[in-house]
Amino acid sequence: MLIIKITNDKQIAEVVQLALIIWHEYFTPIIGKDQVEYMLDKYQSKESIAQQIKMGYDYYLLYENPSSIGYLGIKIIEGEELFLSKFYILAEHRHKGFGKQTFNFLEQLALKKNLKKISLTVNKYNAEAIIAYQHLGFANVGSIIQDIGNGFIMDDYKMEKIL
């Protein structure tokens with residue numbers, strides 16, 4: 001697997017296309033179609049991703065022979081932690097070791113930057129992801145409920161891995 005940092009509009013458009021596929025397939029059963037559509041528009045549109053990058057987020061595309069299979073978005077917070085904001089892989093490429101490879105990449109990146117931990121948020125009803133994160137050494141450190149507008153909330157756990 002190859003992990004490439006996003007540096008242009010064409011790559012951002014590729015993320016948007018991946019998000020449309022992955023979010024509808026994966027999150028509709030968890031949060032419903034209306035909230036998926038709202039969140040895609042608010043957080044995963046071409047304009048939104050470009051704005052996030054301007055605000056200090058880094059996005060990466062995941063490639064496997066030669067197609068993109070997923071993406072991730074991270075931000076360094078206060079020089080202390082790497083926050084994993086987005087991490088998604090197409091359904092047909094899950095459970096093949098790409099997640100573990102991605103987390104190895106993230107750990108190496110965090111250690112190179114002398115960061116103390118990796119953190120993320122995960123929907124409380126996303127049991128499969130919670131179990132995967134626990135197997136990777138993450139611990140649940142609390143609950144976060146965030147109003148994201150339009151009558152929707154994100155009901156998440158915050159998970160952390162100390163490096």
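Author: Helix H2 (residues 33–43) gives the largest share of the negative patch, 3 residues, where a helix is a DSSP run of H or I with at least four residues, a strand is a run of E with at least two, and both are numbered from the N terminus. This is a predicted model, in which local features need pLDDT of at least 70 and side-chain atom pairs count only at pLDDT 80 or more, while totals for chains, interfaces and linings use all residues. Residues are numbered from 1 along each chain as its sequence is written, and side-chain values use heavy atoms, leaving out hydrogens and water.

Reader: What makes Asp34, Glu37, Asp41 and Glu47 a patch of negative charge?

Author: Asp and Glu count as negative, and a patch takes residues with over 30% relative accessible area and no salt bridge, joining like charges within 9 Å. Asp34, Glu37, Asp41 and Glu47 gather in such a patch on the surface.

Reader: Why is glutamate 47 called exposed?

Author: Exposed means over 50% relative accessible area, buried means under 20%, and partly exposed lies in between, with a 1.4 Å probe and protein chains only. Glutamate 47, found in helix H3 (residues 46–54), has 59% relative accessibility and therefore counts as exposed.

Reader: How do you know that the buried residues of H3 line one face of the helix?

Author: The buried residues in H3 are Ser48, Ile49 and Gln52. Seen down the axis of H3, they fall within an arc of 95 degrees, so they line one face, the arc being that of the directions from the helix axis to the C-beta atoms. Glu47 and Lys54 are exposed on the other side of H3.

Reader: What makes glutamate 81 buried, and which network does it belong to?

Author: Glutamate 81 has 9% relative accessibility, so it counts as buried. Salt bridges that share partners join Glu81, Lys117, Lys158 and Glu160 into one network.

Definitions and conventions:
Patches are made of residues with over 30% relative accessible area and no salt bridge: like charges are joined within 9 Å, nonpolar side chains (Val, Leu, Ile, Met, Phe, Trp, Tyr) within 5 Å. Accessible areas come from the Shrake-Rupley method with a 1.4 Å probe; for residues, only the protein chains shown count as cover. A salt bridge is a side-chain nitrogen of Lys or Arg within 4 Å of a carboxyl oxygen of Asp or Glu. The place of a charge is taken as NZ of Lys, CZ of Arg, CG of Asp or CD of Glu.
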